[in-house]
Amino acid sequence: MTGERYAEVAVTLPVPGRYSYRIPAHLATRVQPGARVLVKFGPRKVTGVVMRLVDTRPEGVDVKLVDVGEVLDDVPALSPELVELCTWVADYYEAPPGEVVKAALPAGSGTAAKQVLALTDAGRVAVGEAGGALPPKQRVVLARIASAPVPLAGLPAATRAIATALETAGLVVRVDQRQTRVQAKREKLAELVGTPPPLRGTKRAATVAALAAGPVTLAVLEERVPGARTAVRELLKLGHVRVFEREVSTVAAVGGVGIASSGPPVLTGEQRVAVDAMVVALASPRPAPFLLHGVTGSGKTEVYLHVIAEVLGAGKTALVLVPEISLTPQLAARFRDRFGDLVAILHSGMSDQARLGEWTRLHRGEATIAVGARSAVFAPLANLGAIVVDEEHDGSFKQDEGVKYHARDVALVRAQRAGAICILGSATPSLETYAHTEAGTYRKLVLTVRPTARPMPTVEILDLKTYLPDGEAMLTAPLRQALAETLAAGDQAILFLNRRGFATFILCTACGTSLRCPHCSVSLTYHKHNDRLSCHYCGFTNRVPDTCAKCLSVGKIERKGLGTERVADAIAVAFPNARVGRLDRDVASGSKVETVLARVGRREVDVLVGTQMVTKGHDFPGVTLVGVLCADTGLTLPDFRASERTFQLLAQVAGRAGRGDKPGRVVIQTYRPDEPAVVAAAAHDYEMFYKAELAARADLHYPPHGRLIAVRIDGPDEHAVAEMSARLAELAQAAIERAGLAVEVRGPVAAPLARLRNRSRWQIWLKSADRHALRRVARALLAAEVVAPLRVGLDVDPMSAL
Ligand code: ADP
Ligand code: ZN
Ligand code: ZN
């Protein structure tokens, strides 16, 4: 023992493993697990997070021990619980720990240290003398550095030369900026100190009255009591108020804390049973996860709200994961309504600053409920009582780039380790989750009826082989009739089509060649709004050619296949009095989505045409008709989850109809009226679908019968990719035989999407019921040498085969 201590650091770079650094004596107390540190990594300085402290000198000949450079946190950014969770995620998903840690920290905190130019004392003096005797150009650059440190990287050569001259003159220096940390926005609040005696002046009295219920931001106070700022200043002098600062909460433009606009409704019998079971489990040290299986609109959210109220009452915190916040603003609003300022919202549509503000409120314990999408599973909540995963079946919980984690599964692990309850809610649970309830490892609670007197909508299936759709709007006669009736009654309709664009493929009618993306193996889609062809995978765009590149025919290029853009146009033509809106990725991203949804909510849109964005949990009482224009688009994908995804989409979109006082009606147009996904969705029968799909997956041992790891190999050269894939498959086979493991290797095969962004893509599938055996084989593959530009990646529990 040397008495020296060492820190294992996950550096925020895509490199495997952790790296050891010596802890210098002066930092001994500040280097703690979870703290961000600045360390040297090769020639660079990067940020990292301390994962573990050790007393023994790390082994290995090439361990060159360098000191930890600097500690960036006084209170560690990640709690010991989150450090352990990140370790688990890195291990389970075979991902670099630094990348996991980066996902767990708010944006802007993981960036490598930058070199910046800053003023020296002499420089500050020179600025004070307005540049003194400096040449004009140097004066300009000096003034710029004086206003804010200037990053060295990306500086134009001429400016850099001037900066070097200033450096030589001793006016500026290069320093390592700690990090490009985004500063959270702060706001000022006023609060009463004790109970002030009656005061002279109406402004003062009004201000005191406005503060009686609790602290209020100065901005809000001024709005309520014009002139309040002056009054606060006077009251401050008299010692009657205190002013403090805190991070701006995006959820609370309101003053006061925890205002509830209306009381919670009385629970139905089924809701009561669910809430009671969950509350009992709160007291258990190792509660089993719950599946809250309830049809759309059955009051699941209300159950979450009640349980969370109990969680807060017990002095604990809660985490709520939702698929996409921008698509479900109503849900976030309900949490805000019930719990006010205690709710922090985290989602990718927010600015880095706003998100950091919310993260900080959680980290400090000022907010105790986190509501957010996927990455919020790492929210800095201490003393967790409950985690809710709403719409647990939703594919967006799986991260498909970088660390390929599934937020639902990480939530289950986090809850288990924290002794918290985990509630998975869905009308259409994933097969994996439902199988757990059948096996008894998860507890199932059901909500079978809607608490409001709204029956489930009636569903009709229309066979597109019998009823021909018109070529423009994709409406069969019965759906057209239903739409006309709906509009005549002054109600709203949603039409769902899972393809965006105007024409979804472009064909030369002389030779039959279709136009494809030159970089990907997919058809190009025509968009009318910009009169161009585009690839939905890589973003390539092009004009529509007159001449076929294959047979040189002129004027034979035609646009086929209908997308949402064309359907919306055609509906507007067919129903000239209807106001038609569209919701898909082309018209709406981020806050625009909320604008479109708000217009539907205000009944400024009669017919909403859209992609799967329209199927999410919207609650529009005016919608009485939902039309599915073609249920088959997703069924034909070469993916073992195609059927499950179709069932979920159909059931979800059907749930949008009839949420108001009038009953709803759903019309599903399909070429495959006998498909279990279609039949079961129409019958609102989850069990029927579950049984059919479970049987369909049995022979090939697809989840939940077994587990999968996808090995994905890609590179610019098809041959090299195929060769590498073959080598890896052999390696896998060898590892299996050596250790006698029960793992099946499928492939290598070219991926269904065989070329993407000029890279060929191949896959190997590893299947097994034995998770540990599966991992041993996967690990054996990671040891193989891969030379750039080839890439090999593992996808543990893949959600898609494409
Ligand atoms: P889900 O989350 O299952 O889609 P919600 O919780 O959004 O269902 O409930 C659907 C509607 O029913 C909402 O408008 C909600 O306010 C209402 N609701 C839920 N529970 C009750 C109840 N116990 N009494 C009256 N209305 C309720
Ligand atoms: Zn042609
Ligand atoms: Zn492309």
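These legends describe close-up views of one predicted model. Local features need pLDDT of at least 70, side-chain atom pairs count only at pLDDT 80 or more, and totals for chains, interfaces and linings use all residues. Residues are numbered from 1 along each chain as its sequence is written, chains are lettered from A and ligands numbered from 1 in the order written, and side-chain values use heavy atoms, with hydrogens and water left out.

**View 1. Four cysteines hold the zinc ion (ligand 2)**.
The protein donors are C508 (SG), C511 (SG), C548 (SG) and C551 (SG). They lie 2.2 to 2.4 Å from the zinc ion. Donors here are N, O and S atoms within 2.8 Å of the metal (3.2 Å for Na, K and Ca); water is not among the atoms, so sites may look incomplete. The 4 donor atoms subtend angles of 107 to 113 degrees, which makes the arrangement tetrahedral. The ideal angle for four tetrahedral donors is 109.5 degrees. In sequence, the donor residues follow the spacing C-x2-C-x36-C-x2-C. C511 sits in the loop between β21 (503-508) and β22 (525-527), and C548 in the loop between β24 (541-542) and β25 (557-562), so this pair ties together parts that are 37 residues apart in sequence. Strands (E, at least two residues) and helices (H or I, at least four) are DSSP runs, numbered from the N terminus. C511 is partly exposed, at 34% relative accessible area. C548 is buried, at 3%. Buried means under 20% relative accessible area, exposed over 50%, and partly exposed in between (1.4 Å probe, protein chains only).

**View 2. The second largest pocket takes in about 980 Å³ of space**.
A pocket is an open set of points on a 1 Å grid over the protein atoms alone, with protein on both sides within 12 Å along at least five of seven lines; a cavity is a set where a 1.4 Å probe fits but cannot get out; lining residues have an atom within 4 Å of a point. Grid points are joined across faces, edges and corners, and a volume is the space filled by probe spheres set on the points. The lining of this pocket has 36 residues, and those closest to its centre are D409, L412, H436, Y442 and R707. Two or more lining residues come from each of α1 (80-92), α13 (407-418), α14 (431-439) and β30 (707-715). α13 gives the most, with 7 residues. By class, the lining has 20 nonpolar, 7 polar and 9 charged residues. Nonpolar covers Ala, Val, Leu, Ile, Met, Phe, Trp, Tyr, Cys and Pro; charged covers Asp, Glu, Lys and Arg; the others, Gly among them, are polar.

The whole structure has 2 cavities of 30 Å³ or more. Y92, R707, L708, I709, R771, L774, R775, V796 and D797 line the largest. β30 and α22 (771-782) each give two or more of these residues. The lining splits into 5 nonpolar and 4 charged residues, with no polar ones.

**View 3. The second largest cavity has a volume of about 30 Å³**.
Its lining is L117, V141, R144, I145, V150, L155, T159 and A163. α4 (136-147) and α5 (157-168) each supply two or more. α4 gives the most, with 3 residues. There are 6 nonpolar, 1 polar and 1 charged residues in this lining.

**View 4. A274 is buried in helix α9 (residues 269-282)**.
Its relative accessibility is 1%. Beyond neighbours within four places in sequence, A274 is in contact (heavy atoms within 4.5 Å) with L292, V303 and L445. The C-alpha atoms of A274 and V446 are separated by 7.6 Å, although these residues are 172 apart along the chain.

P704 lies in the loop between α20 (686-698) and β30. P748 lies in strand β31 (residues 744-756).

**View 5. E391 has a positive phi, near 55 degrees**.
E391 is a residue other than glycine. Its place is the loop between β16 (384-390) and α13. E391 is buried, at 14% relative accessible area.

Terms used. Tetrahedral: all angles 85-135°; square planar, octahedral: opposite > 155°, others 65-115°.
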